[in-house]
Amino acid sequence: MTTKRRVGALLALLMTSASLVAGCGGGGEEEAAPPGELYKNPVTLTWWHNAPQDGPGKTYWAKVAKDFSALHPSVTIKIEAIETNQLQRTRIPAALLSNDPPDVFMSWGGGELREQVEAGYLKDITDQVRTEVGNIGSAAEIWQVNGKQYGLPFRMGIEGIWYNKDLFAKAGITAPPTTFEELNAAVTKLKAINVVPIAVGAGDKWPAAHWWYNFALRDCPVDVLKKASTDKVFDDPCFVKAGQDLKAFIDTRPFQNNFIATPGQNDPTSANGLLANGRAAMELMGDWNRGTLDNVATDKAKLAQFIGWFPVPAISGSAGDPKAALGGGDGFACAKDAPAECVEFLKYIASPEVQKGYAETGTGLPVVKGAEAGIKDPALKSILQATSEASYVQLWLDTAYGSTVGTAMNDGIVAIFSGSGTPEKVVSAMKAAASK
Amino acid sequence: MTSANQTRNPAGGVATPPAARRPAAPASSRRAETRRKWYEIIGLTTPALAVYVMFVLVPMGFAVYYSLFRWRGVGPPTEYVGLRNYVLAFGDPIFLDALRNNAIIVAGSLLIQGPLALGIALLLNRHFRGRALFRLLAFVPYVLAEVTVGIMWKLLLTDGGTVDALLRSVGLGGLVRAWLADLDVVIWTLLFVLTWKYVGFAIILLLAGLSNVPQELTEAAAIDGAGWWQTQRHVTLPLLGPTIRIWMFLSMIGALQVFDVVWVTSVPAVRSLGASGTMATYMVDNGFFARLWGYGNAVAVILFVISFVAALLFQRFILRRDIEGAITGRANRP
């Protein structure tokens, strides 16, 4: 009898734990309050962002959450900061699949956002954010699918070449190159004074791939690029031409030795480290680079003094628009079943005041008019100016085409860098991946 | 068998004597006893079985199921493609490179770590001052977290890093290579790091095995006039057999599934070129980073089948005498 009772107790225990496990999956959801009752019911917003390292970025988001709760005491915000790759590749997809996503999470727009929308994961916020979208301008389109808005950016910028003014002066380069001929001449002069002309973090793949993207931007007409993003059609010969131009450029040996194993950022041996510590003269990178260079610089004051920025040079006689630029941004989206307060929080993040504070952290460029005043760094100011002057901003190609085509494309480009790939193979790998 | 009712077996542990005959009990109470025994078995194994089913068998079933779909991990899988993902995997040269790299790591682990660990274990089994310290040092790399080891070696092996400086300072500058960037060298660099990391595990296992070699046998060999080397060769080694075979088994399975050290030490670009990736890193690169979830599951299933078949073959042909009775049942008993 005692045995029987014990077995019974054991089974009961097992069942309780099973229901507990099950409970974990379903719990944590907040009921969406009717729109009229905004801020009436207490709600908890879970917020996943990608600034886990201690620094101005992380501190600023904590302050934003606190300020929002102070304005609206019914809202509690629970932050989880997760490293970008992990967040984008595993955490967000897994959370969305399990039907227990965070309320507010990072969104990079483009192909990935399109897939998430098609699966019905995201909240349509079109009607609530018209003012903000008007303030942000065309950049907001990256977070649109079929004309509907599904997220708002907080950072947006184009990429260009970060360079060391002191080394340029030493090498006798009087003005930043505006054409690839001038860039090649600068490379020759920099080699003569024994510095690495251009640092590239090919080890991480995407920093190398961005060179190809820029050749594609210069070689392809804008409507070919637009069509490629929406239809994943890469038949235009300009995509092969981009690889040929890249190969010719690599053959001039502008990069550091063994670049295939150099990481992009975040450690002193990275391409960032080479530029930040005066061992390389140039690096192709986005607007966030100002902050990441700071992280790896041994002498931050010196870095602030010598660092400059210029747009990617034009290729004379090419089919592309010389004033077009590659860019991208970071934004946030709300899960479909998130409480209505979630959208209010997105609007708060995109408000000029919060954006100005973000600009002051120096970790990236703000997206809203009226936040420019927060930018102090001269290099960032020149990016902001170039961004507003750009005739067309093409989203990073790997983001625009989605991870599957993007990864195949980046792998193919890295193979060109290593000497084993060909321009044709990049395009055929992209086509194969689109059907994979 | 000796006449004693206890006998030491070479793998360590003591064989239990056959249970003494109990006086015959009435049939009803014997049935009650049987029933109680079954309750105990069910009660004690259910939690373990439940966990095993939930976290091993069910996910394995899901992996097989998902591997039959073209699925990007957004929404439920709907596009059934049969075995297409498996065909694609074996048609991808980078996956075949990963298979080759795994084979190199399996062979390298067995052929390099085995003799090395055996030599060190035999040395550390002798009595000398500071033996405990040396044993500790030999084991430290194994205790370190994989990621720590990966980052440490990545920094040491970087271009113009500590390893290069060390080689140059002793006049071996000619040996300096681009350890992590040269596509022909990087797999051997990884093999070196893996050996450094895991040789301590082999050493500890072998030391445990050595402590089970009865002193009497080595003494007897010494009395018969055997030298140290002869004793090791003809007495110690044969008795170490079971330990060595178990280590080979664990090492082989570990080498087939190796992920962490490779992931951290080798950079994504070099992996994507096929120079350093293993099946496990290929699975993550494609499953998560290229977001080919169905395809990634197919790779996971391939990795599982290869490991499973390797384990079965190893048990069938090499571990057979060590596990006889435990798994093979009573059929072979006299």
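Which residue just after helix 4 of chain A takes a positive phi? In this predicted model, that residue is Gly120(A), with a phi of about 75°. Residues are numbered from 1 along each chain as its sequence is written, and chains are lettered from A and ligands numbered from 1 in the order in which they are written. Because the model is predicted, local features need pLDDT of at least 70 and side-chain atom pairs count only at pLDDT 80 or more, while totals for chains, interfaces and linings use all residues; side-chain values use heavy atoms, with hydrogens and water left out.

Helix 4 itself (residues 110–118 of chain A) is mostly covered, seven of its nine residues being buried. Here helices (H or I, at least four residues) and strands (E, at least two) are DSSP runs numbered from the N terminus, and buried means under 20% relative accessible area, exposed over 50%, and partly exposed in between (1.4 Å probe, protein chains only). Among the buried residues are Glu112(A), Leu113(A) and Glu115(A). The cover over the buried residues of this helix includes helix 3 (84–97), strand 3 (104–107) and helix 18 (403–418) of chain A.

Elsewhere in chain A, Phe234(A) sits in the loop between helix 9 (222–231) and helix 10 (238–251). Phe234(A) is buried, with a relative accessible area of 2%. Leaving aside neighbours within four places in sequence, its contacts (heavy atoms within 4.5 Å) include Phe239(A), Tyr401(A) and Met430(A).

Turning to the interface, 37 residues of chain A and 32 residues of chain B take part in the contact. About 3000 Å² is buried between the two chains, and carbon and sulfur atoms give 66% of that area. In chain A, Arg89(A), Glu115(A) and Lys436(A) lose the most area to chain B, together 21% of what that side buries. Buried area is the accessible area (1.4 Å probe) that two parts lose on being put together, summed over both. The rule finds three salt bridges across the interface, a salt bridge being a side-chain nitrogen of Lys or Arg within 4 Å of a carboxyl oxygen of Asp or Glu. Helix 4 of chain A comes back into view here, with its residue Glu112(A) forming a salt bridge with Arg291(B), the closest N and O atoms being 3.8 Å apart.

Chain B has 14 helices and two strands, and 39% of its 334 residues count as buried. Helix 13 (residues 293–317) of chain B holds Phe317(B), and Asn297(B) also lies in helix 13. Asn297(B) is buried, with a relative accessible area of 16%, and beyond four places in sequence is in contact with Ala63(B), Tyr66(B), Ser67(B) and Trp71(B). Phe317(B), by contrast, is exposed at 60%. Phe317(B) belongs to a nonpolar surface patch of about 720 Å², whose members include Phe304(B), Leu312(B) and Ile318(B). Such patches are made of residues with over 30% relative accessible area and no salt bridge; like charges are joined within 9 Å, nonpolar side chains (Val, Leu, Ile, Met, Phe, Trp, Tyr) within 5 Å.

Chain B averages a pLDDT (the predictor's confidence in each residue, from 0 to 100) of 87, and 89% of the residues score at least 70. Over residues 1–20 of chain B, pLDDT stays under 50, as over residues 330–334 of chain B. Where pLDDT is low, the predicted coordinates should not be read in detail.

Methods. Accessible areas come from the Shrake-Rupley method with a 1.4 Å probe; for residues, only the protein chains shown count as cover.
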